[in-house]
There are 2 protein chains.
Amino acid sequence: MSSPAQSGRRELPQNSPGNLLSDPLNGETPALRLFALIELIGGKDHFVTLQGLVEETGLPKPTLHRMLQQLEGADLLVRQADGRHYGTGARLRSFAETLMLNTVQFGARHAVLRNLAAETGETCNITALSGDQVVYLDRVETDEPLRVQLGPGSRVPMHASASGKRVLAQLSTKQRHRLLEHAPLQRFTSHTITSLEKLDVELDTIAEQGYAIDDEEYLPGLVCIAVLVPGDGERSNLCVATQAPVLRIDKSSATKLLPALHRAAAALADIEQEGNR
Amino acid sequence: MSSPAQSGRRELPQNSPGNLLSDPLNGETPALRLFALIELIGGKDHFVTLQGLVEETGLPKPTLHRMLQQLEGADLLVRQADGRHYGTGARLRSFAETLMLNTVQFGARHAVLRNLAAETGETCNITALSGDQVVYLDRVETDEPLRVQLGPGSRVPMHASASGKRVLAQLSTKQRHRLLEHAPLQRFTSHTITSLEKLDVELDTIAEQGYAIDDEEYLPGLVCIAVLVPGDGERSNLCVATQAPVLRIDKSSATKLLPALHRAAAALADIEQEGNR
DNA sequence: TCATTCAGTACCGTTTTATGAAACGTTGAC
DNA sequence: GTCAACGTTTCATAAAACGGTACTGAATGA
């Protein structure tokens, strides 16, 4: 029962270039700002004070005070004996442990991915369609010094990525257009497909051959090849992909990776099957 | 002065009528309720759906929907391939790991470890399962000149380490296989267990006897013995372990360290339970 | 095929929280 | 005693969450 087609909307992430990790403490909804504060404090190997946080974050003092109070009340932070230094609380540590313990699913996925990366010698990703963008769920980097940086959690448009195109290709023309019509096909490189007609042709080809290639359509010099991870039904929005600089792998030689990719996809499908209870 | 009756805007939980358990999802401030939702989802070893959460929490559907949307937008949760199951996102996992690395350094954990190292005269570690590998959270080195170098933060495969095997041993056969079957059991030494069947036998033995031994399975000449640090619930992914060259401690003499290890594990469990101070 | 069902999503008036400038307390250094 | 640096409280305003109701589209069934 895969239902990838989602109604077009959403204006949440708004990951504009300058705003990535720069200050998650500003411009977000209060709850997320609170969480970002926890992250900030939890990421330090020393205690923090109100004043220190004021200087570091630029937030008004009363605001931070209220936030800390709230977190302390929830036992997420703990005030030290001197009353002015905050550290992480028991609940937070317990949470971290539970979290790590219950990521069996993720662990299994990661193992498959690492195996694939070892086989291919290149950076490998697991991606999923989320909203109207492709999100990187997990990644294993190659050892090669020459590589592209794109952390897990980052997002990429559908029409300019191998994974995005592969997912789109399994939809009917009508469904594709419904997903695409609300956002223009933005151009990133000279190879980016920016016309709906050309994209349709490309997607039909992809549907036929089973794999998609991003031939420097998003980042110059970066080639990527993606195959679907089959889901319960006939459609899926999960992909596994390998990427490399065009210097090492070009559009034609990329197909040599297909056997390994398909093997990994089958393994991931197995895992997914178990995961939904 | 610790005055328990805090004047102020927020009355403490004081579970109002009709609450099943201590219900952190009701009666709290929105931000904390959001966090409680993350905890709820992160504490499960399977994915959740909107409908399932509605039934479990009793919160109105639109409210939960909004919360999930918010968390997904922040990359704290990720929607699975079918678009209706939610799981923990990359940001959350990365947060958990950072947290464990940082909370371990200062504070009582390190003291326990140092004490254990003094008692045993060998290098001691605290480790945790992260993804599909074992990560070293903290370590105290022996004074002996002959020793092995493996810094904190470094990773080791599950099937070839005492800690990894000890953690695996508490899982069901099915869960173990889900984690292991899709990536080969890589061989490191002639002692490495590379067959699933043999590993299963070994893990069952470990579950029974309570401790795991790495008998030169990862590095030639290195023996390691690990026990679990009990957590809140049944399972834990935290281990404490001692390692030494086979010249000083071999497979049979390693069990002499067990009393000290168990004492340290109990101490660490206490620390986890109580928070600090 | 068309009707039905139901999980998931959007809407929007109401209620609840968060916000932050300013003022107030408290502590400790000199 | 005065000062300075922080932590804490107040309060009018702005913003966000809330949740009943209604809509949508995919899955299911007749």
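Start your tour by selecting α2 and α3 of chain A: these two helices are oblique to each other, a label kept for angles that are not under 35 degrees (roughly parallel), over 145 (roughly antiparallel) or 65 to 115 (roughly perpendicular). What you have open is a predicted model, in which local features need pLDDT of at least 70 and side-chain atom pairs count only at pLDDT 80 or more, while totals for chains, interfaces and linings use all residues. Residues are numbered from 1 along each chain as its sequence is written, with chains lettered from A and ligands numbered from 1 in the order in which they are written.

**Stop 1: α2 against α3 in chain A**

Helix α2(A) covers residues 50-57 and helix α3(A) residues 61-73; they pack at an angle of about 120 degrees with their axes 10 Å apart. Axes here are lines fitted to C-alpha atoms, for helices over the stretch in contact, and angles run from 0 to 180 degrees between N-to-C directions. Helices (H or I, at least four residues) and strands (E, at least two) are DSSP runs, numbered from the N terminus. The crossing of α2(A) and α3(A) is right-handed, meaning that the near helix is turned clockwise from the far one by less than a right angle.

Now show the side chains of A:Leu50, A:Leu53 and A:Val54 on α2(A), then A:Lys61, A:Leu64, A:His65 and A:Leu68 on α3(A); these residues make the contact. Two residues are in contact if their C-beta atoms, placed from the backbone, lie within 7 Å. Ala, Val, Leu, Ile, Met, Phe, Trp, Tyr, Cys and Pro count as nonpolar, Asp, Glu, Lys and Arg as charged, and the others, Gly among them, as polar.

**Stop 2**

Move along to A:Asp75, in the loop between α3 and β1 (77-79) of chain A. A:Asp75 has a positive phi of about 65 degrees although it is not a glycine. A:Asp75 is partly exposed, with 13 other C-beta atoms within 10 Å. For this term, a residue is buried if 20 or more other C-beta atoms lie within 10 Å of its own, exposed if 12 or fewer, and partly exposed in between, with C-beta atoms placed from the backbone.

Next, pick A:Tyr86 in strand β2 (residues 86-88) of chain A. A:Tyr86 counts as buried, with 22 C-beta neighbours inside 10 Å. Leaving out residues up to four places away in sequence, A:Tyr86 touches A:Ile41, A:Phe47, A:Val48, A:Leu68, A:Leu77 and A:Arg79.

**Stop 3: across to chain B**

Colour by chain and turn to the interface, which takes 69 residues from chain A and 63 residues from chain B. On the chain A side, α4(A) gives the most, with 11 residues. The chain A residues there divide into 32 nonpolar, 25 polar and 12 charged.

Zoom in on α5(A) and helix α7 (residues 173-180) of chain B, which pack at an angle of about 35 degrees with their axes 7 Å apart. Here A:Val104, A:Gly107, A:Ala108 and A:Ala111 meet B:Gln175, B:Arg178 and B:Leu179.

Centre on A:Ala108, a residue of helix α5 (residues 104-120). Is A:Ala108 buried or exposed? A:Ala108 counts as buried, with 27 C-beta neighbours inside 10 Å. Beyond residues up to four places away in sequence, A:Ala108 touches A:Ile271 and, in chain B, B:Asp132, B:Arg178, B:Leu179 and B:His182. Draw a distance from A:Ala108 to A:Glu272 as well: their C-alpha atoms are separated by 9.7 Å, although the two are 164 residues apart along the chain.

**Stop 4: the interior**

Select helix α6 (residues 162-169) of chain A. Eight of the eight residues of α6(A) are buried, so this helix is largely enclosed by the rest of the structure. Among them are A:Lys165 and A:Arg166.

Then go to A:Glu216, in the loop between β6 (211-215) and β7 (222-228) of chain A. Phi of A:Glu216 is near 55 degrees, a positive value in a residue other than glycine. A:Glu216 counts as buried, with 21 C-beta neighbours inside 10 Å.

Finish in the largest nonpolar core, which has 145 residues. Such a core is a set of buried Ala, Val, Leu, Ile, Met, Phe, Trp, Tyr and Cys residues joined through C-beta atoms within 7 Å. Those with the most contacts inside it are A:Ile225, A:Val240, B:Ile225, B:Ala226 and B:Val240. Leaving aside neighbours within four places in sequence, B:Ile225 has contacts including B:Ala162, B:Tyr211, B:Ile213 and B:Leu261.
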